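Open the structure in a viewer and keep the selection tool at hand. The tour goes from the whole chain to single side chains.

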Amino acid sequence: MASYSNITPGTSRHHRHQETVYKVGIYGWRKRCLYLLILVLTSVIIVNVALTVWILRVMNFTMSGIGKLQFTKTGIKIGGEAEFLKTLYASEIKSKADKNLVLQSATNVTINARNGLENTTKGRLIIGPKHLVSYNERFVIYDTKDKMLFYADENEVIIGAKKVTFTGSEGTAFEGPVQTPLVTSVPGQDLRLESLTSNLVIESPQSVSLSSPIGQVSLSCFNDINLHSRQGKISLDAASIAMKNLPESAPGSSNNADVFELCACQNGRLFLAPPTSGCRATADFCD
């Protein structure tokens with residue numbers, strides 16, 4: 001409390017006409033409200049500090065990261081499972097040397113590639129619950145020795161493996177030509193090459209070999225079977241060669257003989273003739 005005195009000019013200090021006292025400060029209910037406000041603010045500050053310390057301890061905040069999320073010079077390292085609610089952009093994703101990398105999604109996993117302008121290209125890989133779809137100009141698979149195992153583009157498909165096995169119960173259908181050095185069947189099963197509505201052509205720049213070590217080779221068609229060699233010969237090597245249903249030049253004249261002469265017309269048509277008459281036939285027969 002401070003005291004102030006009013007002294008009339010020209011009078012002595014000992015002669016005071018009037019003295020007024022003013023009280024300076026906060027008293028009563030205002031003082032109690034101020035103390036209460038300070039106490040509440042102090043309590044709020046203490047609670048906030050406690051919550052901040054608790055969050056730091058629960059989230060495991062450190063100078064290098066947050067919990068299992070560590071920030072390194074080369075990128076971000078996650079020690080456990082991570083869930084991304086939206087798109088993830090990264091130049092490289094890899095796991096530890098002794099751990100598997102697992103990508104999971106409720107619907108599908110889509111991987112897109114970007115060009116130098118940071119624009120999304122047409123190359124992408126979509127893995128869904130029932131399908132695997134890849135969009136790109138080329139699709140190549142290499143082994144660990146950097147050898148190409150599979151190549152596919154708009155013009156051709158190349159399989160670089162030493163052996164390709166098709167296990168379909170109904171066989172394998174090819175709409176275009178197939179180029180391969182060897183076609184074999186599974187041991188114990190037949191090999192069948194057929195064309196249901198068109199021609200079946202087998203070509204080779206050097207030689208064509210049809211062999212069956214313990215079975216038989218059968219060629220059948222609706223029209224003609226043509227064996228053509230531009231340079232060289234066609235060899236039939238077997239213990240016996242049987243040509244059935246060859247026509248006879250003079251039917252009924254052989255008297256049911258078991259031996260005939262095998263003859264050929266000028267146009268290459270084969271026929272049978274009795275051994276006594278020789279290879280004689282009319283022009284109409286050869287035509």
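The stops below begin with the overall view and then move to a few residues.

**Whole protein.** Show everything as a cartoon; this is a predicted model. The secondary structure consists of two helices and 13 strands. Of the 287 residues, 6% are buried. The accessible surface comes to about 27,700 Å², and carbon and sulfur atoms account for 53% of that surface. Among contacts between residues at least 6 apart in sequence, 8% join residues at least 24 apart.

**Aromatic pair.** Next, select Phe139 and Phe150 and show their side chains. A search of the whole structure finds one aromatic pair, and these two rings form it, with centres 6.1 Å apart. Their planes meet at 70°, so the pair is edge-to-face, the angle being over 60 degrees. Phe139 belongs to strand 9 (residues 139-142) and Phe150 to strand 10 (residues 148-152), so the pair ties together parts that are 11 residues apart in sequence. Phe139 counts as partly exposed, at 39% relative accessibility. Phe150 also counts as partly exposed, at 25%.

**Charge over a ring.** Now select Arg124 and Tyr135. The charged end of Arg124 sits over the Tyr135 ring, 4.2 Å from the ring centre.

**Nonpolar core.** Finally, select Cys263, Cys265, Phe271, Ala273, Phe285 and Cys286, the six residues of the largest nonpolar core. Strand 13 (270-273) and helix 2 (283-286) each supply at least two residues of this core. Centre the view on Phe285: leaving aside neighbours within four places in sequence, Phe285 is in contact with Pro247, Glu248, Ser249, Arg269 and Phe271.

Notes. Residues numbered from 1 in each chain as written. Predicted model: local features only at pLDDT ≥ 70, side-chain atom pairs only at ≥ 80, totals over all residues. Heavy atoms only, no water. Phe/Tyr/Trp six-rings, centres within 6.5 Å; stacked < 30°, edge-to-face > 60°. Helix = DSSP H or I, 4+ residues; strand = E, 2+ residues; numbered from the N terminus. Buried < 20%, exposed > 50% of the residue type's maximum accessible area, 1.4 Å probe, protein only. Lys NZ or Arg CZ within 6 Å of the ring centre and 35° of its normal. Core = buried A, V, L, I, M, F, W, Y, C linked by side-chain atoms within 4.5 Å. Contact = heavy atoms within 4.5 Å. Areas by Shrake-Rupley, 256 points an atom, 1.4 Å probe, with all protein chains shown as cover.
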